[in-house]
Amino acid sequence: MTAQPLEFIDLKTQQTRLGDRIPRAIQRVLDHGRYIMGPEVQELEAQLARFSGARHVISCASGTDALVMALMAKEAGPGDAIFVPAFTFVATAEAVALLGATPVFVDVDPHSYLLDLASLKAAQQTATRNGLTPKGVIPVDLFGQPCAYTEINRFAREQGLFVIADAAQSFGARLGGSRTGALAELTTTSFFPAKPLGCYGDGGALFTDDDELADRLRSLRVHGKGKHKYDNVNIGLNGRLDTMQAAILLEKLSIFAEEIMLRDRIAQQYGKLLEDCVEIPVVRSGCTSVWAQYTITTAQRDAVAQGLKQQGIPSAVYYPSPLHRQTAYAAYPQAPKLTVSERLSTQVLSLPMHPYLEEDAQHRICAALRQVLQP
């Protein structure tokens, strides 16, 4: 008898847990009819601020819009070098290129897969040799844990760089006593459905303690408006979060802290079951992870993925090609060596991860993986 296929990310069980709360939240929006910038948007921003510890939260239409708005607020443009990791999703570099600035690719640490400070320093020299003005860095909190912001922020201050924390995969995680959203001058995140805190469409947010920066971001979000929508004081964009998505996020946020604990419990169990057969993810000292993905590395990645698929177990590769190897970005400058990013792209494999992964299913996943790896 063929085993029942597993879900890679199980949103159905989460929806069942919430019961009629999501339909009732949507119905409230239908009843008041304020589909754009309705009261749920302001309530969500207030609750996200309390959760993260940031003074200001500015919701927006997607994680990509959040990155673009952050760079616009920092006036990044032609001639500016913005340092981004080579091993991440394309949106981080895409936002830089869209504004005419130059993404300069940086390697990642071989253990945490997060931006490597030594490579950042080397990339800065590359940018200068290319006639660019180093202006900012966008560390990416890959797979769920924060980057080394204490060291990155210190280096950025010394070099006159701004820092935009890309927390699309880490919202809810901690570094020391602070959560993502309060670890850099400016933080962006995504509420794409597959994220640990996701809506039922696209959505995003920005976090900052800077009052002036927050005001500018609110202006940029609505076509650069000033006192009213026909008073345009900045060149902006249409970056608003829909009220219905805000209503859905409010319900999901109410169980988010518990879901983070459930994710961590599952990650710890994966570690116990797999530590002797593959390279398991490492959470840095002083950090927590929200485990956006549980990503192992193995030289037999493709064989493992195929073997799992044959047994009804999904997996995913984040990411099969580093950004500097992709056609649209191959001509941009880079640090002298990006060897870790290139190696990881051939070895990483993400296993099913969500708060509702049952113990039996997890044992099934690990047993299947071990079977494939047997000589």
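Val 163 counts as buried because its relative accessibility is 5%; the cut-offs are under 20% relative accessible area for buried, over 50% for exposed and partly exposed in between, with a 1.4 Å probe and protein chains only. By contrast, Pro 320 sits 27 Å from Val 163, C-alpha to C-alpha, and 157 residues away in sequence.

A word on the model itself. This is a predicted model, in which local features need pLDDT of at least 70 and side-chain atom pairs count only at pLDDT 80 or more, while totals for chains, interfaces and linings use all residues. Residues are numbered from 1 along each chain as its sequence is written, and side-chain values use heavy atoms, with hydrogens and water left out.

Back to Val 163, which belongs to strand S5. Helices (H or I, at least four residues) and strands (E, at least two) are DSSP runs, numbered from the N terminus. S5 pairs with S8 in the parallel sense over 3 bridges; for two strands to pair, DSSP has to find at least two bridges between them. One such link puts Ala 165 together with Thr 187 of S8. Thr 187 also stands opposite Phe 207 in S9, and S8 and S9 (residues 204–208) run antiparallel, joined by 5 bridges.

How covered is S8, residues 186–190? Mostly: 5 of its 5 residues are buried. Leu 186, Thr 188 and Ser 190 point one way and Thr 187 and Thr 189 the other, yet both sets are buried.

Now look at helix H5, residues 91–98, where Ala 91, Thr 92, Ala 93, Ala 95 and Val 96 are buried. Their cover includes helix H4 (63–73) and strands S2 (80–85), S3 (102–106) and S5 (162–166). Just after H5, Gly 100 takes a positive phi of about 85 degrees.

Zooming out, the protein chain has 13 helices and 11 strands. Its radius of gyration is 21 Å, close to the 21 Å that the globule rule gives for 375 residues, so the chain is as compact as a globular protein of that length; the radius is taken over C-alpha atoms, and the rule is 2.2 Å times the number of residues to the power 0.38. Of the 375 residues, 55% count as buried. Among contacts with a separation of 6 or more, 73% come from residues 24 or more positions apart.

Technical notes
Contact means heavy atoms within 4.5 Å.
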